[in-house]
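Subject: Structure for your review

Dear colleague,

Please find below the structure that I am handing over to you. I would be grateful if you could read the notes under it with the model open.

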Amino acid sequence: MCGIVGYIGTDNAAIILERFLKSLEYRGYDSAGIAVYDNIKGQLNIKKTIGTINNLSEEITKNLKGSLGISHTRWATHGKITKENAHPQTSSNNKITIVHNGIVENYLDLKAKMIAKGYTFTSETDSEVIANLIDSHLDKNDINEALKIVLSEITGSSTIVGISSEDPNSIFVLKKGNSGGLVISENEKGEKIISSDPSIISDFASSYRYLVDSEIAILSSNTTNFVQEASKPESRLINITANTMINDDSVYQFKMEEEIFSQKKALERLISKKDSLIFKKLDNSKIEFKKVERILIIGMGSSFHAGLLGSSYFEAVSSIKSETINASEFIETKKVIGPEDLVIGVTQSGETAETIKGLEFAKIKEAQTIAVVEKDTSQASIISDTTINISSGPEFAVASTKTFTSSVVSLLLMSIKIAEKRNIVIKNLKELLENIGMLPSKVGSILSDISSIKSLSRKLHNQEHILYLGRGLLYPIALEGALKMKEVCYIHAEAYTAGEMKHGVNALIGDDMPSIVLAPKGSTHAKMLSTVNEITAREGRVIGLVSEKDLEITPLLSEHLTIESYHPLVDPILFVLPLQLISLYCSLRLKINPDRPRNLAKTVTVE
Ligand code: G6P
């Protein structure tokens, strides 16, 4: 991982590739590289760097001439962040040059075979194995056959884009498995772009075609030849519609800040269009809701936390058994899954490898599947029976904020529709819908008065450890708050159900371990009061997010923020906002760029 761009045209390829690679920066990377074929000198020039693409600027303008090239941003998986491990990777005789997203799971076996055949390796990557493997088949086969053989030899999911020295005016592309997207697009001038992310080509062309598992194509300036093509290729041609949800006039310095403050608008859009975006979508879907006995939700990171709330909604609103499982554990837990299960993959990018794998597994087990995504044409959508678009608009900061709240609200709205489809009468439906309807204005009012949140951040940013405690539906919010703190502040933050404190966590209470408790009024309030008492009795410092006029818990707190409470199913969405903002402002105080935290990537296409 993380980003691939290829170009064939008439302009300077390096400059074009640099521009597109920059649009991929948001996905996160630690090194980059470009290979451009100079057809005057008849040579392929490769430049690589650790760090950002900017480090290649001089090479791009001075030393990379030609109108065909491939490029890559790497987020290290196999091997350290070094120039040698950056892509493009070449075969040891320099005949095959590739860039690669994904993981070749059997690379050690294949590498041993290549070494036995006399190939040498200069990197620690699994990708270099692919380059040598392709080359090893060229003595008895043409490139088409060689690529077919390689596709059958490598295991795991991979997208590969490369150039062969025997035909340097072409680019070959191949896709194995479903993780990591790859699209090819041509504009009116006949220029072609190959990209791992279709969202970056909206200014380039009006359509693209995405590749699916086991497809292989060879592109040159005049033709695109599919060596292997899955059936119904026309269904994979997508028209690009201008994205009206990107805010070009942002007043914010950071994307994370912009995305947090755009949550009112995002939720307004989703809730006002809930009939077409969610209710009709489920009505018209091929999912047989009456057949469903259990809803399993899978996701990673913030999407996993959104799923935890989703399961509570499906139980409470749709009266159906539901469970959320971290997608990376879904297959390992050896669950009995069958046609009576509905598996919902929550993934804003629609590309997260574990979630894709989980959805594929669900399909094998004949479960019905829904993808809850921000990107409609993502891998998760392609492989699922139905897609729900959370309609938040694209998110660029690594740490999810607006896609988290939009996923949660989408799942809540889905629970209402699924109840109807199963003839379940929802108690107090009118009140629930009214509260959902009021959500954007409540979000707006929290986001419009942030002075106390900023002052709390001043007191927290130097902490080394923080505990986040919640109960019931506030527990996933505690998890999400702690995740934000880890992601953008590098502060050790842990979330626990408050009930767990007495069973070990209390031992951590001390001067250097403040607790943030989420304590709205309602069914969990009395127990939360006990938790706070138990922490303060041990000299622990407690910061609380409490409902208005809480005269019981507030006096015990060293600091508190007040969140007006309205409805037990809807309020958790409000409680996450101050936690997002606390992390953002701590991050800024710590002089960390919240949009690009160290070691993390936005779109994680490898397991
Ligand atoms: C990465 C991102 C997180 C995100 C997670 C799941 O770890 O940094 O912000 O929550 O992936 O991403 P998804 O696209 O599947 O929602």
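The notes below describe the surroundings of the ligand and then the salt bridges.

Please keep in mind that this is a predicted model.

The ligand sits in the second largest pocket. Around the ligand there are 14 residues, and those that come nearest are S303, T347, Q348, S349 and T352. By type, the shell around the ligand consists of eight polar, four nonpolar and two charged residues. Helix α9, which covers residues 301–316, gives the most to this shell, contributing three residues.

Which atoms of the protein does the ligand approach? In the side chain of S303, an N or O atom is 2.5 Å from an oxygen atom of the ligand. For S349, an N or O atom of the side chain is 2.6 Å from an oxygen atom of the ligand. Q348 takes part through its backbone: one of its polar backbone atoms is 2.8 Å from an oxygen atom of the ligand. On its own, the ligand has 390 Å² of accessible area, and the protein covers 92% of it.

Turning to the salt bridges, a search of the whole structure finds 28 of them. One of the pairs is formed by K421 and D283, whose closest N and O atoms are 2.9 Å apart. K421 belongs to helix α13 (residues 402–421) and D283 to helix α8 (residues 274–283), so this pair ties together parts that are 138 residues apart in sequence.

Yours sincerely,
A colleague

Note on methods:
Residues numbered from 1 in each chain as written. Predicted model: local features only at pLDDT ≥ 70, side-chain atom pairs only at ≥ 80, totals over all residues. Heavy atoms only, no water. Near = heavy atom within 4 Å. Polar contact = N/O pair within 3.5 Å; in protein donor to acceptor, adjacent residues only side chain to side chain. Areas by Shrake-Rupley, 256 points an atom, 1.4 Å probe, with all protein chains shown as cover. 1 Å grid on protein atoms, 1.4 Å probe; cavity = no way out; pocket = protein on both sides within 12 Å on 5 of 7 lines; lining within 4 Å. Sits in = over half its atoms within 2 Å of the grid points. Helix = DSSP H or I, 4+ residues; strand = E, 2+ residues; numbered from the N terminus. Nonpolar A, V, L, I, M, F, W, Y, C, P; charged D, E, K, R; others polar. Salt bridge = Lys/Arg side-chain N within 4 Å of Asp/Glu carboxyl O.
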